[in-house]
Amino acid sequence: MSALNWQKSSYSEYGSSCIYLAASPTWQKSSYSAQGDACLYLADAPAGTVHLRESDAPDVIVTTTPARLLPLISAIKAGNLARAAAQAAP
């Protein structure tokens, strides 16, 4: 199930009797994803977070911040993760 963005209705009064509306995140396919089935999708989330999911497992959603995601993307582009994984393999 996709994460939802909940917003309090502007017609709700203060107190415990409130109505909340949910909207599904807008998923955007990464420009680095191939045209096939193996795609990465990203969506903005509340409180400065980012959701990530893969096309082959759309119900599995990882949430992170842009500050943590950017170094990971940079390491992937530079090939550092592949080298680190090869060195760590037994």
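Accessible areas are computed by the Shrake-Rupley method with a 1.4 Å probe, and for residues only the protein chains shown count as cover. On this basis the chain exposes about 7,100 Å², of which carbon and sulfur atoms supply 58%.

The structure is a predicted model, in which local features need pLDDT of at least 70, side-chain atom pairs count only at pLDDT 80 or more, and totals for chains, interfaces and linings use all residues. Residues are numbered from 1 along each chain as its sequence is written, and side-chain values use heavy atoms, with hydrogens and water left out.

The chain holds two helices and six strands, arranged from the N terminus as β-β-β-β-β-β-α-α. Helices (H or I, at least four residues) and strands (E, at least two) are DSSP runs, numbered from the N terminus.

Four strands form an open antiparallel sheet in the order 3-4-5-6. Strand 3 and strand 6 are at its edges with a single partner strand each, so one side of each lacks a neighbour in the sheet. Pairing requires that DSSP find at least two bridges between two strands; strands 3 and 4 are joined by two bridges, and Q28 stands opposite L42 in strand 4.

| Strand 3 | 28-29 |
| Strand 4 | 40-45 |
| Strand 6 | 57-64 |

Buried residues (under 20% relative accessible area, 1.4 Å probe, protein chains only) make up 19% of the 90 residues in the chain. T64, in strand 6, is buried with a relative accessible area of 18%. Not counting residues up to four places away in sequence, T64 touches T49, V50, L52 and L69, where contact means heavy atoms within 4.5 Å. Among contacts in the chain between residues at least 6 apart in sequence, 17% join residues at least 24 apart.

Methods:
Buried < 20%, exposed > 50% of the residue type's maximum accessible area, 1.4 Å probe, protein only.
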